Amino acid sequence: MKILAINGSPNGKNGNTDVMLQHFLKGCKRAGGEVETVYLKDKNIHHCSGCFNCWTKTPGKCIHKDDMGELLDKILQTDIMVYATPLYYFTVTGIMKDFMDRMLPLNSSEIVKQGASYSHPGRFNASRPKTVLISNCGFPGKYNFSGLVETFKVMTKGNLVASILCDKGGALKSASINEQLKQLYMPFFSALETAGKEIVSHGHIEAQTESILSRDIIEDETYVKLANSSWRK
Ligand SMILES: Cc1cc2nc3c(=O)[nH]c(=O)nc-3n(C[C@H](O)[C@H](O)[C@H](O)COP(=O)(O)O)c2cc1C
């Protein structure tokens, strides 16, 4: 089973998002998944020009000749897409949004009704990959992710098999270095690995794992104090 992970953090391998992503992917690999991580910060991806040439003059091909062509080929071959993005103004980062917009050549121009909603069917393959959303944000509170999750639910048309969300995410990177924080975050990191295994083996995350992933790791006020003092250094 092929798993394509897209990391949309401008901090790439050095960010909080990648801490979550790599624990999850470790579990996917343990279950036999074939994993690839793409760091969007290292890719040359233009904004979508909105010209619709990919639907008209050159169906399925974009006018921009950049790294997105190669990524579209990868998307078509994958079974599971993992979108890993920090929360930026309650949604994805700019580089992730560019990546998403540039997937337009994969759809055809027709609008069709599927169930209660309308969409553009896939141009090259009928089946869409299963989708996993991984995100973290700087504020305390899971409510911060409500808009992001809704976007992915609508976008993936029922193919969003898991959303793994970590608020107070500013501590993630430190938790992979600082021994005291590491102990605190250990159950969360190990549940991320279990989640990766379960997604590859069963296509979903088990309730027991979900409950560990959604547990509060650090008390809000403690985190806020730590975060605020880190800016004063
Ligand atoms: C431009 C910008 C916008 C952000 N917007 C939000 C936000 O809306 N809500 C929030 O809780 N955190 C927000 N954050 C904080 C990031 O989500 C947080 O720092 C995250 O850990 C960054 O992940 P990374 O280290 O992988 O880049 C924002 C950060 C930046 C730089």
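**A conversation about the fold**

A: Let us begin with D66, which contacts N44, I45 and H46 once neighbours within four places in sequence are left aside. Please bear in mind that this is a predicted model.

Q: Where is D66 found?

A: D66 sits in the loop that runs between β2 (34-39) and α2 (68-77).

Q: And how far apart are D66 and H46, in sequence and in space?

A: They are 20 residues apart in sequence, and their C-alpha atoms are 7.3 Å apart in space.

Q: Does D66 count as buried, exposed or partly exposed, and why?

A: D66 counts as partly exposed, because it has 13 C-beta neighbours inside 10 Å.

Q: Let us turn to G12. Which loop is that in?

A: G12 belongs to the loop between β1 and α1 (16-30).

Q: Which residues is G12 in contact with, leaving aside its neighbours within four places in sequence?

A: The contacts of G12 on that basis are N7, D18, Y39, K41 and D42. As for K41, it is 29 residues from G12 along the chain, and the two C-alpha atoms are separated by 6.4 Å. G12 is partly exposed, because it has 15 C-beta neighbours inside 10 Å.

Q: What about Q22? Where is its place?

A: Q22 is in helix α1. It counts as buried, because 20 C-beta neighbours lie inside 10 Å, and that number is just enough because the cut-off for buried is 20 or more.

Q: How far is Q22 from L192?

A: In sequence, Q22 and L192 are 170 residues apart, while the C-alpha to C-alpha distance is 8.9 Å.

Q: How much of the contact total in the protein comes from residues 24 or more positions apart?

A: Among contacts with a separation of 6 or more, such residues account for 72%.

Q: Now the core. Which members of the largest nonpolar core touch the most other members?

A: Those are M20 and V82, in a core of 45 residues. Not counting residues up to four places away in sequence, V82 touches I3, A5, I6, L21, V132 and I134.

Q: Let us look at helix α3. Which of its residues are buried?

A: In α3 (residues 94-101), the buried residues are I95, M96 and F99. Viewed down the axis of α3, these buried residues fall within an arc of 100 degrees, so they line one face of the helix.

Q: Why do residues three or four places apart point the same way in an α-helix?

A: An α-helix has 3.6 residues a turn, so residues at that spacing point the same way.

Q: What do the buried residues of α3 pack against?

A: They pack against two strands, β1 (2-7) and β3 (80-86).

Q: I also wanted to ask about backbone angles. What is phi of Y89, and where does Y89 lie?

A: Phi of Y89 is near 45 degrees, a positive value in a residue other than glycine. Y89 lies in the loop between β3 and α3. It is exposed, because 8 other C-beta atoms are within 10 Å.

Q: And K168: what is its phi, and is it buried or exposed?

A: K168 has a phi near 50 degrees, again positive in a residue other than glycine. K168 is buried, because 23 other C-beta atoms lie within 10 Å. Its loop is the one between β7 (160-166) and α5 (172-175).

Q: What surrounds the ligand?

A: The ligand is surrounded by 17 residues, and the closest are G15, T17, P86, C137 and G138. The shell divides into seven nonpolar, 10 polar and no charged residues.

Q: Lastly, the whole protein. How many helices and strands are there?

A: The protein has eight helices and seven strands. Of its 233 residues, 33% count as buried. The C-alpha trace spans about 60 × 40 × 35 Å along its principal axes.

Key:
Residues are numbered from 1 along each chain as its sequence is written. This is a predicted model: local features need pLDDT of at least 70, side-chain atom pairs count only at pLDDT 80 or more; totals for chains, interfaces and linings use all residues. A residue is near a molecule or strand if its C-beta atom, placed from the backbone, lies within 6 Å of it. Ala, Val, Leu, Ile, Met, Phe, Trp, Tyr, Cys and Pro count as nonpolar, Asp, Glu, Lys and Arg as charged, and the others, Gly among them, as polar. A nonpolar core is a set of buried Ala, Val, Leu, Ile, Met, Phe, Trp, Tyr and Cys residues joined through C-beta atoms within 7 Å. A residue is buried if 20 or more other C-beta atoms lie within 10 Å of its own, exposed if 12 or fewer, and partly exposed in between; C-beta atoms are placed from the backbone. Two residues are in contact if their C-beta atoms, placed from the backbone, lie within 7 Å. Helices (H or I, at least four residues) and strands (E, at least two) are DSSP runs, numbered from the N terminus. The arc is that of the directions from the helix axis to the C-beta atoms.
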